[in-house]
Amino acid sequence: MSDAPFSALDHAMMARALRLAERGAYTTKPNPMVGCVLAKDGEIVGEGFHQRTGGPHAEVFALRDAGERARGATAYVTLEPCSHTGRTAPCADSLIEAGVARVVGAMRDPFPQVDGAGFARLREAGIEVGVGLMEAQARELNRGFLSRVERGRPLMRVKLAMSLDGRTALASGESKWISGPGSRLDVQRWRARSSALMTGAGTVLADDPQLTVRLGDDTDFVPPLRIVLDPGLATIHRGRVREGDAPTLYIHAPDARLPRNCDADMAAAPVRNGRFELDAVLRLLGERKVNEVQLEAGATLAGAFVAAGLVDELLLYVAPVLLGAHARPLFDGFDIQQMSERLAMRVVDNRHTGDDLRLLLRPVR
């Protein structure tokens with residue numbers, strides 16, 4: 001880490017790099033979002049962001065933008081430049097060859113093939129390196145990627161819509177629509193940034209969801225993987241969840257009878273007492289390079305993930321309606337007997353989506 005403190009200009013340039021990185025939210029998965037700004041004499045001379053897996057990294061776009069002006073400049077990158085050859089050449093080498101004088105990174109890349117090696121290569125080439133500027137914001141941006149690399153499982157987000165009295169559907173199961181059109185469009189944006197959309201067999205049988213991204217415009221995105229938790233593969237030949245271009249994965253019990261002549265993607269996960277071991281399910285998805293999972297299911301599966309302590313985020317839409325005492329609850333199977341057992345949640349973000357209130361919450365660990 002550099003001994004010199006970061007200046008106001010450094011902060012402004014890194015903030016710009018973070019905004020650029022976020023432009024790749026829908027398209028970089030499973031790669032992280034990365035932005036890069038090249039500045040010289042207080043002015044931006046080049047900038048770019050990683051746009052798609054397999055394509056050039058942020059540093060390459062910024063260097064192309066800057067051309068010869070990159071020599072002697074400071075490069076601000078939201079994640080450590082790579083030092084290995086994958087689908088693209090090492091970005092650390094590109095920065096060295098371009099003649100940058102200084103590199104400021106928001107954070108180290110914990111990916112094993114990088115993890116400090118990029119910064120080390122830059123220092124060995126005589127480039128001044130500073131690390132840790134706006135690291136919290138950089139980690140927030142790539143929290144799904146970091147969850148997969150550091151914990152071996154994706155970030156788990158549960159999406160729910162509820163009434164003012166905490167109900168998600170009528171006793172009959174009818175739930176369309178609790179939330180308004182503004183909330184439903186907002187959900188599509190969250191779907192677009194997700195690596196996978198998960199539901200259970202019960203939801204497929206009852207609601208027949210598509211689990212696709214429908215933004216209503218020409219915004220580019222990589223279709224998220226659709227995941228159905230179906231122990232006995234009861235839904236393998238039915239439902240709209242297999243229609244369209246988005247891939248679908250069925251996770252089943254080890255003893256499930258596999259269908260013949262079926263081209264569906266299937267994977268087994270351990271079951272205990274008739275229920276999936278949900279931690280094992282998430283680790284299976286981590287091995288498949290899934291960064292963020294968004295669960296869109298009923299109270300039983302949502303409650304199971306909460307009870308297992310596996311929920312990282314709760315995306316909750318609160319509609320100004322009342323459904324009454326006999327309507328279905330937000331979570332089922334998540335039982336608390338004493339106040340000391342309550343699960344505290346921290347509000348990370350709140351905003352209106354039309355007439356509804358959208359809350360993004362995280363458990364207080």
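Two strands pair if DSSP finds at least two bridges between them, and strands (E, at least two residues) and helices (H or I, at least four residues) are DSSP runs numbered from the N terminus. The structure discussed here is a predicted model, in which local features need pLDDT of at least 70 and side-chain atom pairs count only at pLDDT 80 or more, whereas totals for chains, interfaces and linings use all residues. Residues are numbered from 1 along each chain as its sequence is written, and side-chain values use heavy atoms, with hydrogens and water left out.

The description begins with the sheet. Nine strands form an open sheet with mixed pairing, in the order β11-β10-β9-β8-β14-β6-β15-β18-β17. Strands β11 (265-268) and β17 (345-353) are at its edges; each has a single partner strand, so one side of each is left without a neighbour in the sheet. On average, neighbouring strands are turned by 25° against each other, direction ignored; the axes behind this angle are lines fitted to C-alpha atoms (for helices over the stretch in contact), and angles run from 0 to 180 degrees between N-to-C directions. Within the sheet, β15 (residues 313-318) and β18 (residues 356-363) run antiparallel and are joined by five bridges. Leu315 stands opposite Leu360 in β18.

Charged side chains provide a further set of contacts. The structure holds 28 salt bridges, a salt bridge being a side-chain nitrogen of Lys or Arg within 4 Å of a carboxyl oxygen of Asp or Glu. In one of them, Glu292 and Arg193 bring their closest N and O atoms to 2.5 Å. Because Glu292 belongs to strand β14 (residues 292-295) and Arg193 to helix α7 (residues 181-193), the pair ties together parts that are 99 residues apart in sequence. Glu292 is buried at 4% relative accessibility, and Arg193 is buried at 15% (buried means under 20% relative accessible area, exposed over 50%, partly exposed in between, with a 1.4 Å probe and protein chains only). Both residues also belong to a network of salt bridges that links Glu140, Arg143, Arg157, Arg193, Glu292, Glu313 and Arg362.

Two other pairs may be considered. Arg102 and Asp10 meet in a salt bridge of 2.9 Å, N to O. Arg102 lies in strand β4 (residues 102-105) and Asp10 in helix α1 (residues 8-22), so this pair ties together parts 92 residues apart in sequence. Arg102 is buried, with a relative accessible area of 17%, and Asp10 is buried at 3%. The side chains of Glu150 and Arg139 meet at 2.7 Å, N to O. Glu150 is partly exposed at 43% relative accessible area, and Arg139 is partly exposed at 30%.
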